[in-house]
Amino acid sequence: MKTFPKHSRLCGQERIAALYKNGKRFTAWPLRVTYQTLISNEASPLDTQVLVWAPKSLFKRAVKRNHLRRLMREAYRLHQDILIHPTDDGLRYNYMIAFNYMDKEEQPYAVIEKAICKALKKIAEK
RNA sequence: ACAGUUAAUCGGUCUAUCGCUGAGGGCCUCGGAAGAAAAACAUGCGUGUUUUAAUCCCGCUCUUUGAGGAAAGUCCGGGCAGCACAGAGCACCAUAGCGGUUAACGGCCGUCAGGCAGUAAUGUUUGGUCCCUGCUACAGAGACGAGGUCGCGUUCGGCAACCCCAAAAGGGAAAAACGGAAACGCGUUAGGUGAAACGAGCACACGAUGGGCUGCAAUUCCAAGUAAACCGGCGUUUGAGCGUUGCUCGCGUGAGUCGGAGGGUAGGAAGCGUUAGAUUAAUGAUAGACGCCCGGAAGGGUACAGAACCCGGCUUAUAGAUUAACUGUUUUU
């Protein structure tokens, strides 16, 4: 199911700080992606957790920030199955991902969707 | 009909497919976590094992709920929370004709007077007081001190005569008329200048009234973690520091306190129960249709803007639409 419930959102000040400190980064315009791979087994599975962020310094109005956040979240929700791939060794690969919007202009949904797909494929390959 | 003024209201709708927040119901142990109680067995007891399995959370499913007129700025007022609450003075901030309204307000309503804008409807702005302090351009002899004219008084000149004492030398006491490019005080008012000539006006001044301080990152609880020692300053009745919430006095308290270096924590819940109630933060995305506006058409546009403890106001941002009252111009009767 293409859902986006509460437990797949990244929260907690410590974990976010750890992600930005230790995570790998790359750019998929107009997004900057930071991610960290978590390996878990079938017995105690972890969830892939995602953080979506539009900085206040670029978008002064809360309406625009909310809108961009929703667009990014929606795009992730519809394409999160890219990350799920079968494994032979019984391990599960999960991720903590942060999407930072970094362009000064508001881009339409199509552009953001394309960028999210690109980013997720890149993460899944590694 | 057009243009305008004031007040009020609204500020997209529907369908499909996915998805989120909160609330409620149902389903499944044949998915996970926790596991009261009962029964059986083992046992001397403690206890252990097994079975049944209420209930709760996740899960699945159904129903339902979910941004604004400004949610914004955080500018006032109130609730709420914590600290404080003998007193006096100073400072600071706010208010401002009059009447009403309100839980309260610096808001709102009515109304009076003056200024400004407008043909008008109307809008906008000012409104305590001059005792103290300060300011009042240019012109003018002089601008809030006073000065000119005239009169009076005092000082000064006139001034040591007369008078008294004394043998004398000398000493004491002491006017008045009068005088003026003199000084001071009191009174007096003409003309000119000027917005204003002693009358005043104004605020930076003064008086009146009100204001304890800090704010939900308040505050409370749980969990987790703890640190004592060291170095330096000031102190222990010759009173440090703290409280009195900007300062001083006064009052209260009475042995620590301030700085350095170093170390620890920074999770959760309540606050926030609200016909929204989140906590890296829900209220959405995509597609289509319909409205409305611009345009001959193609086509384009559809604002400002997102709750974070809650109310009452103010201010600012807003595409456009509607209603009512009023004003002006033009036309027709």
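The structure is a predicted model, in which local features need pLDDT of at least 70, side-chain atom pairs count only at pLDDT 80 or more, and totals for chains, interfaces and linings use all residues. Residues are numbered from 1 along each chain as its sequence is written, while chains are lettered from A and ligands numbered from 1 in the order in which they are written.

**Overall fold**

Chain A has three helices and four strands, where helices (H or I, at least four residues) and strands (E, at least two) are DSSP runs numbered from the N terminus. Read from the N terminus, these elements follow the order α-β-β-β-α-β-α. Of the 126 residues in chain A, 20% are buried, a word used for residues with 20 or more other C-beta atoms within 10 Å of their own, as against 12 or fewer for exposed ones and values in between for partly exposed ones, with C-beta atoms placed from the backbone. Among contacts in chain A with a separation of 6 or more, 81% join residues 24 or more positions apart; a contact here means that the C-beta atoms, placed from the backbone, lie within 7 Å.

**Helices α2 and α3**

Helix α2 (residues 62-79) packs against helix α3 (residues 109-125) at an angle of about 50°, and their axes are 9 Å apart. That angle makes α2 oblique to α3, since angles under 35 degrees count as roughly parallel, over 145 as roughly antiparallel, 65 to 115 as roughly perpendicular and the rest as oblique. The table shows which residues meet.

| Helix | Residues in the contact |
|---|---|
| α2 (residues 62-79) | L71, M72, A75, Y76, H79 |
| α3 (residues 109-125) | Y109, I112, E113, I116, C117, L120 |

C117 lies in helix α3 and is partly exposed, because 16 other C-beta atoms lie within 10 Å. Apart from neighbours within four places in sequence, C117 is in contact with H79 and I82; the C-alpha atoms of C117 and I82 are separated by 7.9 Å, although the two residues are 35 residues apart along the chain.

Terms used. Axes fitted to C-alpha atoms, helices over the stretch in contact; angles between N-to-C directions. Contact = placed C-beta atoms within 7 Å.
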